[in-house]
Amino acid sequence: MKRPAFSFEAEVLTDAPFDHIVGRLREEGPQAFKSLKALREWSPLEQADGRVVLRWARLVAGAEESGEFTLSPDPKGAHLRLNGRMKGWSGFLLFGMFRWRTDRLLDRFVEEL
């Protein structure tokens, strides 16, 4: 039997310097930001085409959640993009009743800059 999947995405352009954000991530890792600590299971920082990508995967109440957080340089600062997916029957409960929203992570991250 197939399991339902829910996806989310968010993006924002911030005036925070791209080099500053990437520098903190390289030196201290995602734990440098309180908002990123919640996801705990980050893959190593990846760099490609001038972008920096962080990926995560974890189990939440029986559902599999995964996603990526992408930082790109922009003339005004940094472009932040968050893509994620939750797969499993408990996703109905988490998204519907508890309004579980990992995509709020992006807003919390920007507040920390």
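This is a predicted model: local features need pLDDT of at least 70, side-chain atom pairs count only at pLDDT 80 or more; totals for chains, interfaces and linings use all residues.
Local features were considered at pLDDT of at least 70 and side-chain atom pairs at pLDDT 80 or more, whereas totals for chains, interfaces and linings use all residues. Residues are numbered from 1 along each chain as its sequence is written, and side-chain values rest on heavy atoms, with hydrogens and water left out.

The model contains an open sheet of 5 strands in the order E1-E5-E4-E3-E2, with antiparallel pairing. Strands (E, at least two residues) and helices (H or I, at least four residues) are DSSP runs numbered from the N terminus, and two strands are taken to pair if DSSP finds at least two bridges between them. Strand E1 (5-14) and strand E2 (46-48) stand at the edges, and each has a single partner strand, so one side of each is left without a neighbour in the sheet. From one strand to the next, the twist averages 20°. Axes are lines fitted to C-alpha atoms, for helices over the stretch in contact, and angles between N-to-C directions run from 0 to 180 degrees.

Strands E4 and E5 are joined by 11 bridges and run antiparallel; the two form a hairpin with 2 residues between them.

Helix H1 lies across E2, E3, E4 and E5 and runs at about 135° to E4. Its buried residues (buried meaning under 20% relative accessible area, exposed over 50% and partly exposed in between, with a 1.4 Å probe and protein chains only) are Phe18, Ile21, Val22, Gly23 and Leu25. The elements covering these buried residues include H2, E3, E4, E5 and H4. The helix is followed by Gly29, whose phi is positive, near 80°.

A nonpolar core is defined as a set of buried Ala, Val, Leu, Ile, Met, Phe, Trp, Tyr and Cys residues joined through side-chain atoms within 4.5 Å. The largest such core has 22 residues, of which Leu36, Phe69 and Leu71 touch the most other members. At least two core residues are supplied by each of helix H1 (18-28), strand E3 (51-60), strand E4 (63-74), strand E5 (77-87) and helix H4 (104-112). The largest share, 4 residues, comes from H1. Phe69 is buried, with a relative accessible area of 0%. Leaving aside residues up to four places away in sequence, Phe69 is in contact (heavy atoms within 4.5 Å) with Trp42, Val52, Val53, Leu54, Trp56, Leu80, Arg81, Leu82, Leu106 and Phe109.

The structure holds 3 aromatic pairs. Rings of Phe, Tyr and Trp (its six-membered ring) are counted as paired if their centres lie within 6.5 Å; planes under 30 degrees apart are stacked, those over 60 edge-to-face and the rest tilted. The rings of Trp42 and Trp56 have centres 5.6 Å apart and planes at 65°, so this pair is edge-to-face. Trp42 belongs to the loop between helix H2 (34-37) and E2, and Trp56 to strand E3, so the pair ties together parts that are 14 residues apart in sequence. Trp42 is buried at a relative accessible area of 16%, and Trp56 is buried at 3%.

A further edge-to-face pair is formed by Phe69 and Phe109, at 4.9 Å centre to centre and 75° between the planes. Phe69 lies in strand E4 and Phe109 in helix H4, so parts that are 40 residues apart in sequence are tied together. Phe109 is buried, at 0% relative accessibility. Phe33, Phe69 and Phe109 form one aromatic cluster. The charged end of Arg24 sits over the ring of Phe33, 4.1 Å from its centre; this assignment applies if CZ of Arg or NZ of Lys is within 6 Å of the ring centre and within 35 degrees of the ring normal.

Helix H2 contains Ser35, which is buried with a relative accessible area of 6%. Not counting residues up to four places away in sequence, Ser35 touches Leu105, Arg108, Phe109 and Glu112.
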